[in-house]
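Please keep the model open beside you as you read.

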Amino acid sequence: MALDRFKGAEVPTHVGIIMDGNGRWAKKRGLPRKFGHREGAKTFRKITRHAKKIGIKYLTLYAFSTENWKRPKDEVDAIMELFDKNLDEVRDFIEENIRVRFIGDRTMLSPSLQKKMKSVEEDSRDFDSMTLVLAINYGGQDEITRAVRAIAGKVSEGELEPNEITSDIIQHSLDTGDIPPVDLIIRPSGEQRISNFLIWQSAYAEYIFSDILWPDYRPEDLEDAVYEFMKRNRRFGGV
Ligand code: IPE
Ligand code: IPE
Ligand code: MG
């Protein structure tokens, strides 16, 4: 494994991945879509462990969007069931010194799922080799809307003046709060769009698109993406 090339190198601090292509992976094999989600969950565990080995400090994985409720009920149910099962396996990450957090509106998820989410967050709080951020019922527009509501609440309570609202306050009102902006966003599956993922946090992100369907995404593909990122020249508007 060519992990040596990342030793002492400036790997991205925060990587986001849109885990897309599960349905097409299953379709190609004549299987129901839920088999693709099941296979995608295996990739999720492999890639999380590999991200830590590369030295990535924050890994945000897009698992379910605020728009994904539009799918047939049996598919949504299958995905939710898979989350419930996978959260038990996510607990194993704690032993690997990984902190787990969630972003998105969790109030729409089942009470049992919410309970598991809360407990894994609490139990992994002090672990710091990497933070795994799972985006479930997440949408960038929804996140910003909820943040605006919270800020407006403070203004109406007289805790904050409108001209005191800074981009820093907005950032800290988002679900990602103190998590640094995303440096690299990877989208497999051949689609070249952002689909409501981390829209505020990606203001200066680099993008890497690939045709690989998520269940086929390998640790080496993540390495190649990080390596390509390292060759890019980020200017942040400067020269
Ligand atoms: C991503 O795979 C998983 C979720 C959005 C939950 P898809 O289910 O979108 O797979 P494709 O895009 O249909 O292949
Ligand atoms: C984005 O994939 C959401 C997740 C991977 C969770 P979608 O499959 O929902 O995105 P669109 O519909 O192709 O834009
Ligand atoms: Mg898709």
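1. Strands S1 and S2 run parallel and are joined by 5 bridges; strands here are DSSP runs of type E with at least two residues, numbered from the N terminus, and two strands pair if DSSP finds at least two bridges between them. Within this pair, Ile 17 stands opposite Leu 61 in S2. S1 is also joined to S5, by 3 bridges and again in parallel, with Val 15 opposite Leu 184 in S5.

2. A word on the source: this is a predicted model, where local features need pLDDT of at least 70 and side-chain atom pairs count only at pLDDT 80 or more, while totals for chains, interfaces and linings use all residues. Residues are numbered from 1 along each chain as its sequence is written, chains are lettered from A and ligands numbered from 1 in the order in which they are written, and side-chain values use heavy atoms, leaving out hydrogens and water.

3. Is S1 buried or exposed? 5 of its 5 residues are buried, so S1 is largely enclosed by the rest of the structure. (Buried means under 20% relative accessible area, exposed over 50% and partly exposed in between, using a 1.4 Å probe and protein chains only.) His 14, Gly 16 and Ile 18 point one way, and Val 15 and Ile 17 the other. In a regular strand the side chains alternate between the two faces of the sheet.

4. Now step back to the whole sheet: it is open, has 6 strands in the order S3-S4-S2-S1-S5-S6, and pairs them in parallel. S3 and S6 (206-209) stand at the edges with a single partner strand each, so one side of each has no neighbour in the sheet.

5. Next, the nonpolar core, a set of buried Ala, Val, Leu, Ile, Met, Phe, Trp, Tyr and Cys residues joined through side-chain atoms within 4.5 Å. The largest one has 41 residues, of which Ile 17, Phe 44, Leu 134 and Leu 222 touch the most other members. H3 gives the most to this core, with 6 residues. Apart from it lies another core of 12 residues, including Ile 18 and Ala 135.

6. Finally, look at helix H3 (a DSSP run of H or I, at least four residues). Among its buried residues are Ile 79, Leu 82 and Phe 83. The buried residues of H3 pack against elements including helix H2 (33-54) and strand S4 (130-138), where contact means heavy atoms within 4.5 Å.
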